[in-house]
Amino acid sequence: MRLENLRRHNETKVAQQSLRNMRRGLTLLELMIVLIILVGLMAIVGPRLLGTQQKADVRTAQAQVGNLASALKMYAADMKIFPSTEEGLEMLVKAPEDEALARNWDGPYIEGGKLPIDPWGSSFQYEYGVTEGETEVNTIDFPRIFSIGPDRQPGTGDDIANQAA
């Protein structure tokens, strides 16, 4: 009877070890299946997430252009003129060197006293002045403020501006 119990105990022990060894193999297989599923999901969801980030960057740049346009309106209300292209957006955070003009300056017109950069790490561009049309010389009514966009090349289709070039 004792010998039979010992034999059953050994058989049970061997069966448990065999089951553990089999379970270890299944765990690796299960892990591989989970990884394959995760890679598949990332292949489907990843591009959508990247597209969402790009849209968010464009919207951020549009909002920043709008904020700069509002700051320029406040500047123009005080100074009675917009800064020239050469003076640029710096006039929103730095008083004019001419003392007569500096008396009217009530800036900085940008919160924090520092010009923002676009979501792609570039400075915003500013144009104001006279442009030459086909038949006559036109004065721009409001300055053009723009980001050169994700390609960091001016004059391309991804530029973000308050008005067309």
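Guide: Welcome! A charge sits over a ring if NZ of Lys or CZ of Arg is within 6 Å of the ring centre and within 35 degrees of the ring normal. The model here is predicted: local features need pLDDT of at least 70, side-chain atom pairs count only at pLDDT 80 or more, and totals for chains, interfaces and linings use all residues. Residues are numbered from 1 along each chain as its sequence is written, and side-chain values use heavy atoms, leaving out hydrogens and water.

Visitor: Which residue lies over the face of phenylalanine 146?
Guide: Look 4.1 Å from the ring centre of phenylalanine 146. The residue lying over that face is arginine 144.

Visitor: How many aromatic pairs are there?
Guide: Rings of Phe, Tyr and Trp (its six-membered ring) pair if their centres lie within 6.5 Å; planes under 30 degrees apart are stacked, over 60 edge-to-face, the rest tilted. By this rule, the count is four.

Visitor: What is the angle between the planes of tyrosine 75 and tyrosine 109?
Guide: Their centres are 5.6 Å apart and the pair is edge-to-face. Tyrosine 75 lies in helix H1 and tyrosine 109 in a loop, 34 residues apart (helices are DSSP runs of H or I, at least four residues; strands of E, at least two; both numbered from the N terminus). The angle is 80°.

Visitor: Is tyrosine 75 buried or exposed?
Guide: Buried means under 20% relative accessible area, exposed over 50%, partly exposed in between (1.4 Å probe, protein chains only). Tyrosine 75 has 3%, so this residue is buried.
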